[in-house]
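Please load the model in your viewer and keep the selection tool at hand.

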Amino acid sequence: MSFLATESPPTPVNEPAVGNDGWFPDIDLQRLREECRLDGSVTAPRLRRALLVSMSSVNAELADYRARQLAQGHARLLAVPSSQLGGEHLTQVLYLRAIHAAVQAELTEVYRDMDTAAQSGGAQAAQMEQQRLALKVDEHRRNLRWAISDLLGLRRTTVELI
């Protein structure tokens, strides 16, 4: 049996905020780690890569929304009229929720393919862990969809084919 200690979480000095496109807000990596409960096992380079992929994806999905808001004279997301909840701009809360869910899904998918068969329990335990991680990915993707729908003012719809 071995024990590997990880720094949990890395110091904020090591992770500056990641700049966004100027319209959407920059992402604070320390806040991302705290809100997503990411420990030191997610290295700074892995987190940054997952965040960049997630920002690209979410920003692309919101491109039409952004264009409409720019046409109405809103120079950035925080300029879009929105209610305030807990002192925070609701559109930013929803945008960050989408980003955080996308990052978590991305990281879980990457870690899902790690070999767990070497752990005690063998193949059956590894299969159960793979199923658990697949459910977590689905949960994160659902939260991503809901955050984007809420931001766009669309109804949440879950459809299952039988």
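What follows is a short tour of a nonpolar core and some salt bridges.

This is a predicted model, in which local features need pLDDT of at least 70 and side-chain atom pairs count only at pLDDT 80 or more, while totals for chains, interfaces and linings use all residues. Residues are numbered from 1 along each chain as its sequence is written, and side-chain values use heavy atoms, with hydrogens and water left out.

Begin by selecting L47, L51, V58, L62, Y95, I99 and V103, which touch the most other members of the largest nonpolar core, a set of 31 residues. Such a core consists of buried Ala, Val, Leu, Ile, Met, Phe, Trp, Tyr and Cys residues joined through side-chain atoms within 4.5 Å, where buried means under 20% relative accessible area, exposed over 50% and partly exposed in between (1.4 Å probe, protein chains only). Two or more residues come from each of α1 (29-36), α2 (44-61), α4 (90-112) and α5 (122-152), and α4 gives the most, with nine; helices are DSSP runs (H or I, at least four residues) numbered from the N terminus.

Next, select E61 and R145, whose side chains meet in a salt bridge at 2.2 Å, N to O; the term requires a side-chain nitrogen of Lys or Arg within 4 Å of a carboxyl oxygen of Asp or Glu. This pair links distant parts of the chain, with E61 in helix α2 and R145 in helix α5, 84 residues apart.

Finally, move to E35 and R31, which form a salt bridge at 2.6 Å, N to O, and which, being four residues apart in helix α1, are separated by about one helical turn.
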